[in-house]
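The exercises below are meant to be worked through with the model open, one step at a time. Try each task before reading its solution.

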Amino acid sequence: MIQGVRRHASLGKTFAALAALLIIMFGYVLLGATIFLFIEGTLSYKRPRTQEQEIRDATLEKLVELHELNFTGSNTTFRAEVLKELIKYTRLIRTTKETEEQKWTYDASLLYVVSLVTTVGYGNLVPTSSPGRVATIVYSVVGIPLTLVCLGMMGTIMARGFKFVAVFLFEDVVTEEGEAYIPLRVSLGVMFSYLFLGAVLFKSVEPAWTFLESFYYCFITLSTIGLGDYVYGADSEKDTQFVVSVFYLMFGLSLLSMCFNLMQDQALYQLYDFLSFAIKKYREYANSYSTDPRLRGQAAISSDETE
Amino acid sequence: MGTQQPKDSCCKMIMKFLFSHIGLCAMVILYCVAGGFIFEHLEKNNEEQICYESRSEYQPMENKTIESTLKIFYDLGGAITTKSSRELMEIQLRSVLETFRNNTLAIGYDGRSCDLYGKPAGPNYEWSWAGGLMFSVTVISTIGYGHIAPKTVWGRLVCIAYAVLGIPLMLLCLANIGDVLADIFRFIYARICCCGCCRKKKKDKDKVVAMKPSESNSAGPWESDKSMILNTNQIPPTATEFSRLPTRSPTDSFDNNDTQKRPGSAASRNGKVKIVPLEVSKKNDPIVLDDDSDSDDDDDLLDEQKITVPLTITMIVIGGYIFGGAILFGLWEGWDWLQSAYFCFITLSTIGFGDVVPGTDFENPQAQAQLMIGAVYVLFGMAILSMCFSLMQDEILAKARWIGQKLGIIDKESEE
């Protein structure tokens with residue numbers, strides 16, 4: 001299909017298609033952020049607060065009751081009873097904690113939606129209401145393929161651009177076929193640099209993180225594992241910090257797509273070459289140390305052959 | 001020279017086994033099992049340490065709260081209880097409880113008995129072998145729940161290295177399995193549903209080739225035909241998208257599908273089916289037919305529809321797996337139906353929030369078994385998803401091509 005694009009359709013059409021896709025993508029993400037902000041932030045917001053207060057009031061009632069029952073009783077048993085109530089309260093705190101701690105701002109909602117469609121799935125913010133969960137499923141079913149198509153196209157076009165620039169800058173990368181040959185190490189180098197740069201960036205703007213934590217965060221994000229123990233912007237009260245994560249993630253995934261594109265033709269081919277080479281070398285090494293003079297002779301022959 | 005050849009084929013045989021389906025699956029499973037042990041070893045002690053530390057922070061705070069409560073009762077809850085003093089007592093108690101709550105959440109100690117870790121009466125380690133197994137599975141499948149995450153420096157470094165090796169391994173395995181399962185599924189489906197069509201097509205020799213379940217399709221670039229390898233520009237955007245999915249290894253059969261448009265390469269490929277040294281044949285799927293039947297695109301679509309499994313069937317398969325999982329985990333974990341379905345969907349899509357995870361109730365004695373079954377569910381789910389993508393891609397590619405043509409991005413004349 002791309003061959004058809006390259007040879008028949010104009011570049012303008014390709015870019016128009018990509019632009020249209022990107023606009024749809026952005027629109028979908030922004031719309032999704034609004035929807036989830038509404039469902040989880042507004043629709044359900046009152047509930048956890050009330051629930052927490054209810055639990056506290058219930059515990060309060062129990063304590064007062066205990067006190068009245070135990071008015072003339074011993075101090076130690078009363079103390080034990082109070083302790084029991086507190087332990088029960090701790091349990092209840094834990095279960096309502098997840099619903100309470102979430103702050104659904106637009107910014108957080110945006111990161112949530114992006115983490116859905118890119119399948120990163122941090123989990124620092126999750127839907128707790130039933131409509132929220134249903135909406136999540138429906139939204140993802142459409143959003144994930146859309147994102148994949150988008151990223152795929154971005155990757156293809158970026159790969160072409162990369163090859164074009166490479167041909168422009170380094171004349172010797174062009175093969176007989178007229179294609180630019182981007183070796184594996186370049187693609188890997190690009191990815192690693194992006195990770196490293198991200199680590200430096202996040203380390204500098206998030207004072208609480210060490211460099212390793214920052215690097216760990218970037219890697220876990222870009223691989224779309226998304227454990228969620230580290231999320232940039234989750235610790236601070238400032239709004240709009242999540243957006244940084246969003247941009248880093250989206251651009252990083254496009255870059256990853258580009259590298260996959262560049263690597264596809266090369267990866268296993270180079271790996272096969274490398275493995276054949278390694279096996280050959282190993283055989284020579286083994287033969288040269290063998291006690292069998294025939295094999296040692298063969299080691300010499302095969303090392304001659306490689307030249 | 002003579003002694004080199006047995007070694008040659010010996011190494012090749014080993015590599016062939018490694019990359020055959022059984023070998024890859026076994027490698028993935030071993031990798032997960034090993035990961036379970038590795039992470040358990042790295043994180044278990046730290047988990048105990050954290051428990052002791054947070055407990056030592058929590059207990060003084062708890063005592064202080066009790067003292068404050070008793071003091072309030074002593075001061076204000078005496079024999080004379082006026083309305084105002086009672087109100088005052090309630091306000092003060094409320095504030096004490098709120099402080100207690102905030103402190104409890106900040107410290108993060110959940111009441112488990114740290115001394116009894118691992119003993120029958122005590123809490124389960126989160127970083128048990130089963131927990132580590134679940135963690136490893138979620139890392140290499142990129143689900144990444146995060147309900148447990150490595151906290152030690154070494155744990156994190158190993159996690160990164162584990163992922164760098166494990167994710168491509170997993171993708172390779174899934175691509176492999178996906179194709180095999182898809183071929184089997186198509187074969188069964190064709191047998192069941194299209195008996196009439198089958199007989200008509202039997203004359204075409206490619207059909208026979210197409211129906212043969214193929215071995216690893218990752219042999220693509222292993223062939224020395226450079227033109228096929230370097231012409232990845234032909235890969236449509238959707239192919240790249242699928243190459244990101246668990247179904248596709250970087251050496252995707254898409255380049256095969258598209259390069260088949262050139263009759264020369266198709267013929268050479270069919271020839272190569274037997275010649276390739278590792279005896280790995282190309283993935284022959286129905287699109288091969290397009291080449292030899294010298295037809296235009298409409299006919300192609302028609303041919304494909306007769307052989308490819310329709311989208312609805314694959315959707316039903318995925319839906320069925322999610323439904324089955326929802327029932328299983330709903331019953332076992334005591335979740336309601338929506339929560340289970342939500343868990344299954346979030347897991348299989350590899351989003352993996354981690355808010356709902358089986359086997360994480362630390363008081364449940366069955367937690368270990370739940371974790372293991374959860375891990376198995378994930379691995380099977382990935383394989384089934386891979387199969388479905390493999391089945392769907394033909395239809396989706398055809399539709400994408402059709403859309404592209406309609407939009408004028410691709411011209412009607414197919415690439416020679």
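Predicted model: local features only at pLDDT ≥ 70, side-chain atom pairs only at ≥ 80, totals over all residues.

**Exercise 1.** Determine how helix 2 and helix 3 of chain B are oriented to each other.

Solution. Begin with the geometry: helix 2 (residues 21-76) and helix 3 (residues 83-107) of chain B pack at an angle of about 180°, and their axes are 10 Å apart. The two helices are therefore roughly antiparallel to each other. Next, look at the residues that meet, including B:Y58, B:M61 and B:F73 from helix 2 and B:L88, B:V96 and B:F100 from helix 3. Sorted by class, this contact has 11 nonpolar, 8 polar and 2 charged residues.

**Exercise 2.** Describe how helix 5 of chain B passes helix 16 of chain B.

Solution. The axes of helix 5 (residues 153-193) and helix 16 (residues 367-407) of chain B come within 7 Å and cross at roughly 60°, which makes helix 5 oblique to helix 16. The crossing of these helices is right-handed. Among the residues that meet there are B:L174 and B:F185 in helix 5, and B:M382 and B:L391 in helix 16. By class, the contact has 12 nonpolar, 3 polar and 3 charged residues.

**Exercise 3.** Decide whether A:S129 is buried or exposed, and find a side chain that its own side chain contacts.

Solution. First locate A:S129, which lies in the loop between helix 5 (106-117) and helix 6 (130-169) of chain A. Its relative accessible area is 3%, so A:S129 is buried. The side chain of A:S129 makes a polar contact of 2.7 Å with the side chain of A:E40, although these residues are 89 residues apart in sequence. From C-alpha to C-alpha, A:S129 and A:E40 are 7.0 Å apart in space.

Note on methods
Residues numbered from 1 in each chain as written. Chains lettered and ligands numbered in written order. Heavy atoms only, no water. Axes fitted to C-alpha atoms, helices over the stretch in contact; angles between N-to-C directions. Helix = DSSP H or I, 4+ residues; strand = E, 2+ residues; numbered from the N terminus. Parallel < 35°, antiparallel > 145°, perpendicular 65-115°, else oblique. Left-handed = near helix turned anticlockwise from the far one by under 90°. Contact = heavy atoms within 4.5 Å. Nonpolar A, V, L, I, M, F, W, Y, C, P; charged D, E, K, R; others polar. Buried < 20%, exposed > 50% of the residue type's maximum accessible area, 1.4 Å probe, protein only. Polar contact = N/O pair within 3.5 Å; in protein donor to acceptor, adjacent residues only side chain to side chain.
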